[in-house]
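Let's take a walk through this one together, starting where two chains meet and then moving into the details. Keep the viewer open as you read.

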Amino acid sequence: MTNTENLILDLVEKHGRERNSLMPILQGVVSQEKFLSEEAMIAIARELDLSAADVYGTASFYTFLDTVPRGKNIIRVCKTISCHMRNKDEIIGVLEDQLKIKVGETTHDKRFTLLTANCLGWCHKGPVMLVNDEVYPEVTPQKAIEIVEEFMKKNN
Amino acid sequence: MEQLQLKKVDIIFGWDEKLTPIDVYDKTIKKSPDSVILDMIDSGLKGRGGAGFPTGLKWKFTRNEDSAEKYVICNADEGEPGTFKDREILDRVPEKVLAGMAICAYVIGAKEGYIYVRGEYNFLLKGLQKKVDIFNKQLQERKVDFTIYLRSGSGAYVCGEESALFESMEGKRGEPRNKPPYPTVAGYNSKPTVINNVETLVYTSEICRMGPEKFKALGTFDSRGSKVFSVSGDTPIAGIYELELGMQLKDFVEEFADGDAKAVQIGGASGHCVPRKKFNETVIGFEGIPTGGSMMIFNSTRSMYNVLHDYLEFFTEESCGQCTPCRVGCQQLLKGIEAVKKGEKPPSYLEDLKKLTLTMKIAAKCGLGQSVANPFISIVDNFKEEIIY
Amino acid sequence: MVNLKINNIAISVEEGTTVLDAAKRLNFRIPTLCNHPDLSVAGNCRVCVVEIKGARLLAASCATPVSEGMEVFTNSEKVRIARKHVVELLLSEHNSDCTKCFKNGHCELQELASEYRIGDHVFLDLVKSKDKIQDISSPSIVKDNSKCIRCQRCVRTCAELQAVSALAVVHKGNHQSISTFLNKPMNDVVCTNCGQCINRCPTGALTERNYIEEVWNAIYDPKKFVVVETAPATRVALGEDLGIDVGSRVTGKMVSALKKMGFNKVLDTDFTADLTIMEEGTELLTRLKKVIVDKDETVKLPMMTSCSPGWIKFQEHMFPGMLDNLSTCKSPQQMFGALAKTYYADKVNIKAENMVVVSIMPCTAKKFECNRPEMRDSGFKDVDYVLTTRELAMMVKQAGIDFDKLEDDHYDSILGESTGAAVIFGATGGVMEAALRTAYELVTGHEVPFTNLNIKPVRGIEGVKEASIKIKNTVPAWSFLEGVELNVAVAHGLANAKKLMESIEKGETNYHFIEIMGCPGGCIGGGGQPIPTSPEIRRKRTDAIYAEDMGMTLRKSHENPEVTEVYKDYLGAPLGHKSHELLHTHYKARKRY
C-alpha cells in the first residue's frame with residue numbers, strides 16, 4: 001500500500017466513512033500532501049463509496065483543497081481590498097522575484113507555491129499572507145523576503 | 001490611542017471573575033428554557049452576523065420543533081471582507097462562545113454543537129480545541145449531555161451562508177439550499193438547528209450574565225445593545241471596537257477616519273458604500289445601514305473604481321456558481337465595468353447593469369447574489385465619474 | 001388542502017404541492033430549465049421565479065411549496081424583467097451558434113430565447129474559447145461545455161437515476177462547470193454511455209455522437225449493400241419526433257420510410273430478440289442443470305441478462321466480481337450484425353465486406369457496443385453504425401418524407417420475422433417475460449400459467465420487481481426442475497440495478513434469473529429516444545409496446561419460423577458451436593474509478 005493510501009485509511013479510521021466525514025478527510029490529506037492527487041481522490045472515493053467525480057467536484061469547490069500539485073510550502077497573499085490598499089502587489093512582486101515564479105506557480109524544487117487568496121480576515125493589519133496555516137500580518141517587502149528565507153533555511 | 005468620543009462598550013471582551021462563562025451557564029440552566037427564550041426576546045438581540053434575525057425567535061422556533069436530534073452551530077466562517085472580529089473573539093474569549101452554545105443547547109434540547117471555523121483561521125484550531133476539551137469536560141462533570149466539536153472550512157466565502165455551511169459540514173459542495181425549509185426546521189443533517197454567529201453567541205451568554213435590561217439599555221429602539229466593529233481602510237486606528245449600535249456615521253468618521261474620508265463601506269463587500277455627503281444622515285444599525293461589523297474607510301486618494309472592481313472580482317470568484325443570476329450576473333458586472341472603463345460600452349451601460357443587480361437582488365438563490373446590488377448601486381450612483389473615466 | 005391565489009384566481013391544492021404545479025393546474029405555464037419530472041428539485045436556474053405578495057424576494061416556483069393564503073403572480077413586471085434577465089444571462093455564457101447546433105430546434109434555451117424575443121445580446125459574451133472544444137472521445141456521447149447552462153440536470157440524472165456520477169459539478173464561481181473526474185475525456189471515465197443525461201439536457205451540451213452523414217454516404221455508395229435493423233422500442237417512439245402523438249405505434253410507417261430512404265433491406269432486431277431468447281433461455285436451463293444436477297460450483301446464478309450495453313458497462317465498472325453471472329449472449333443488435341454478415345450475406349449473395357449494417361436503436365450505449373473489439377465475429381465490424389431514434393427522425397425529415405402520410409410496409413425477409421415476445425424487449429421486464437414464455441413451455445410443454453401469456457408481475461414501473469413461478473409437470477428431459485420455484489427479479493435504471501446487485505452481492509437473495517435494463521422504463525426510456533422524457537411519456541410508450549405484443553399472431557420466441565429456420569439451416573442448436581462463435585461474447589473488468 002502506498003503512503004497516500006495508508007494516510008487515507010488512517011483518516012477514515014479517525015473520521016468515519018460517512019459522507020459527513022469527507023471534509024475532514026480531504027483536509028487531512030491536504031495538510032499532509034499539500035494537494036489531492038488523483039490517487040488520493042480515488043482512494044477516498046473507494047473508502048466512502050462515492051464516485052471519483054463527486055470527490056473531485058466537492059474538493060474543487062474549496063480554494064484550499066487543491067487538486068493540482070502544490071509545493072511543500074504554500075504562500076497565499078491576501079488580494080482583497082484592504083490589503084490591496086496596503087500594497088499587496090508589492091509583496092507579490094518581491095515574492096515572485098525571490099522565488100522566480102509567478103502567482104499560481106510552484107518552484108522547480110517543489111518547495112514553494114505562490115498564490116493569492118480572497119480576504120484572510122486581517123484587514124486592519126494588511127497586507128497579510130499565510131504560509132501554510134501560519135499567518136503573517138503587516139508584512140513589508142523586506143519582512144516577506146525574510147519569512148520565505150526562514151522557510152528556505154528549514155530543512156524541508 | 002486617542003480618547004474615543006463614541007460610547008465604547010466592554011461586554012464582549014470583558015471578564016467577570018465572579019461570574020465566569022461556566023458560572024453563567026450554571027446560573028442560566030436553573031431557569032426554564034422558555035424563560036431563557038423570553039430573556040433573549042426581551043433583550044432585543046438580533047443576529048450579529050449581518051442578517052439580523054432576532055435570536056430569541058430563532059431559539060424559540062427550534063425549541064418548538066419536535067425532534068430527538070437537534071444541533072447548535074456556531075458560524076465562525078467569517079469571510080466578509082473587512083470583518084475580523086470573530087477571529088479575535090474566538091482567540092480571546094472562546095469560553096463565552098462555548099457557554100452561549102451550551103445555553104442554546106439547553107434551551108432547544110441539542111446534544112451536539114459544532115463550531116465551523118473558516119480555513120483561513122486554521123492557526124486558531126489548536127488553542128481552540130484545548131478550550132473546547134476543557135469545556136466539554138466541565139459539561140461532562142455536570143452530567144450534561146452536550147458535546148461541542150470543531151469543524152473547519154477550506155476557503156469558500158459562501159459557506160458563511162448558513163445552509164451552505166450545513167452542506168459543507170455534510171461533506172458536500174457549499175451550495176446554499178432552497179428555503180423553506182429554514183434551519184430551525186431542517187438544518188444540519190436535515191434536523192432542527194440553531195446557527196448563530198460567534199458574536200451573537202457571546203451576547204447570549206452575556207445577556208444571561210447581566211440580564212436583558214442592561215443589554216437593552218444600550219443602543220436604540222431598533223438596534224438594541226452593542227456590536228463589535230472591525231475598522232479598517234484609511235484610518236490611523238484600524239482595529240476592533242465594541243460600540244453602541246445606532247450611532248451616526250459622521251461621529252464614527254470623526255472618531256476613526258484620517259480627516260480625508262470620502263466614503264465608508266458599511267457591512268463589507270456585500271454592504272453599502274456611503275459617500276461623504278451622506279455621512280450626516282446615516283445611522284449604523286437596523287434602522288439605518290446594518291452591518292456584520294465591517295467598517296472600511298476610503299480617503300480621497302482611493303479610486304472607487306478599484307474598490308468596486310475588487311468587490312466584483314471577489315464575488316465572481318466566491319459565488320458558489322449554482323444559480324444563474326449570481327454566477328453569470330457577477331461576471332457580467334465585473335466585465336461590464338471594465339468595458340465601460342475601456343470605452344467599449346457607453347456610460348449608459350451602467351444603467352443596464354444596475355437593473356441587472358436589481359434582478360440579482362430578488363432572484364438569486366441566496367444572500368450572496370442578492371447583496372451584490374448593495375455595493376454596486378451605492379458605488380456607481382455616488383462615484384459615477386470614477387467608474388467611467 | 002391549502003388555499004391560495006395565483007394571478008388572482010383561487011385554487012385549493014394538496015399540502016406540499018409546489019407553486020409551479022399549482023399554477024399548471026390553472027393552466028399558467030411557468031418556464032423551467034433546471035426542473036425535470038424525473039429528478040430532485042434544484043431551484044438553481046431561477047427562470048421559474050414568481051412574485052409572492054408580501055415577500056421581498058421572488059421565489060423559484062419549482063422549489064417553493066404552496067402555503068395558506070399565498071398570493072402568487074406568475075407574470076408581474078418584476079417577474080418578467082427577472083426572467084428575461086435570467087435568459088439573457090444564460091445566453092451570455094452559452095455558445096449561441098444555434099444554426100450549427102445539433103439541438104437546433106430542440107433546445108429549451110432556444111425556445112425561451114425565442115419566446116422572450118431576446119434580440120441583440122445586451123450583455124457581454126462570456127463563452128470561453130477553451131469550452132468550445134467538444135469532447136468527442138466517446139463513441140456515444142458528445143460533451144460541449146460551451147453550450148452548457150449549468151442546470152445540473154445531467155449531474156442529477158447520472159447520480160439519482162443511474163448511480164454512476166460520472167459527471168459532477170466542479171469548481172465554483174466563474175470557474176464552475178460540469179465535468180468528469182479531473183476533467184478526463186468521457187471515454188476514460190466510468191460513464192456507461194446510457195445517454196440518460198442527453199435525454200435531460202435542455203441544450204446541446206450533451207448530445208449523441210451522430211453518424212447521419214456516414215449512413216447517408218453508405219446508402220449513396222453503389223458498392224455497398226446497406227441493411228438496416230430496428231430495435232423494438234423505436235417503433236413506439238419514433239413518431240414523437242415526427243409530429244405524431246406520444247404512445248403511437250409506427251412500425252409500418254418506419255419500415256416504409258426506411259425503404260424510401262434507400263436502405264437495401266429493412267430488417268428487424270426483433271428477429272434476433274427472439275433468437276436471444278432461444279440462446280439465453282437455453283443458457284439459463286443449462287446453468288440450472290449444472291447447478292442443481294451437476295453441483296458445478298463454477299457455474300454462477302442468478303444469471304443476468306446482457307441485452308443492455310449500458311448495464312453491461314456498468315457491471316464491468318462497478319461489479320466486476322460478478323461478470324460470470326452475466327449471460328454470455330450478445331445483445332440482439334450484435335447477434336443481428338454477426339448473422340447478417342455471415343448467414344444472411346450468403347443467403348442474399350453479398351460479400352460481407354460490401355455489406356453495411358446500420359441499426360436504429362433507442363440507445364446511445366449501442367454505439368459504444370458496436371465498437372467493442374469483441375464485436376467482430378463475422379470477420380468484420382458486425383454492426384457498422386448505430387443511429388438513435390432521434391437521428392432516424394432527422395434523416396426521415398432530411399429525405400423529405402411526410403411520415404404521417406406513409407402507408408404501412410412490412411419488414412423484408414429473412415431476418416425480418418418476429419414475435420410479440422421480441423417486441424416486449426422494449427419495456428422493462430420484457431426480456432424476462434419473453435424468456436419465461438419460452439423456457440416454461442420448453443420445460444413443461446405447457447404455456448406459462450398467466451392469462452393471455454401476460455406475465456404481469458414483471459411488468460410496470462416499480463424499480464425492482466420480483467416474481468416466482470413454480471415449475472410443474474416437466475417433460476422428462478427437464479424432470480430435475482420438477483417442483484422448483486423459479487425466482488426472478490427485474491430492475492431498470494442503473495440506480496435500481498445497483499440496489500439489486502448489492503442485495504445479491506450480500507447473499508440476501510435467492511434468484512435464478514434477473515433482467516436488468518440500464519435505462520428507466522427499459523429501452524422505451526432509452527438514451528436515444530425522442531426528447532423530452534417523463535414517467536408519463538414512458539408509460540404511454542410501454543402501453544404501446546404491450547399493445548404491439550397483443551397484436552402479433554405469434555407471441556413466443558420459439559414459434560418464430562425464421563428462428564427455426566436459422567437453426568435448421570445454419571446454427572444447429574441453441575448454444576451449439578456456431579452459436580458460440582457468432583452469438584456469444586465475454587466481458588472485461590473495467591476500473592471502478
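Predicted model: local features only at pLDDT ≥ 70, side-chain atom pairs only at ≥ 80, totals over all residues.

Start at the contact between chains C and B, which takes 29 residues from chain C and 27 residues from chain B; two residues are in contact here if their C-beta atoms, placed from the backbone, lie within 7 Å. On the chain C side, helix α2 (residues 77–92) gives the most, with eight residues. Helices (H or I, at least four residues) and strands (E, at least two) are DSSP runs, numbered from the N terminus. The side of chain C that touches chain B divides into 17 nonpolar, seven polar and five charged residues.

Residues are numbered from 1 along each chain as its sequence is written, and chains are lettered from A and ligands numbered from 1 in the order in which they are written.

Now take chain C as a whole. It has 18 helices and 17 strands, and its C-alpha atoms fill a box of roughly 80 × 55 × 50 Å along the principal axes. How does its radius of gyration fit a compact globule? For 593 residues the rule gives a value near 25 Å, and chain C has 25 Å, which agrees; the radius is taken over C-alpha atoms, and the rule is 2.2 Å times the number of residues to the power 0.38. Buried residues make up 55% of the 593 in chain C. A residue is buried if 20 or more other C-beta atoms (placed from the backbone) lie within 10 Å of its own, exposed if 12 or fewer, and partly exposed in between. Of the contacts in chain C with a separation of 6 or more, 75% come from residues 24 or more positions apart.

Over in chain B, look at helix α11 (residues 304–318). Its 15 residues should span 21 Å at 1.5 Å a residue, and its end C-alpha atoms are 21 Å apart, which agrees; the expected span is 1.5 Å times one less than the number of residues. In α11(B), 14 of the 15 residues are buried, so the helix is largely enclosed by the rest of the structure.

A cis peptide bond joins P180(B) and P181(B), with omega about 5 degrees, and P181(B) lies in the loop between α7 (162–169) and β4 (193–197) of chain B. N189(B) is in the loop between α7 and β4 of chain B, and has a positive phi of about 55 degrees although it is not a glycine. With 14 C-beta neighbours inside 10 Å, N189(B) counts as partly exposed.

Conventions. Nonpolar A, V, L, I, M, F, W, Y, C, P; charged D, E, K, R; others polar.
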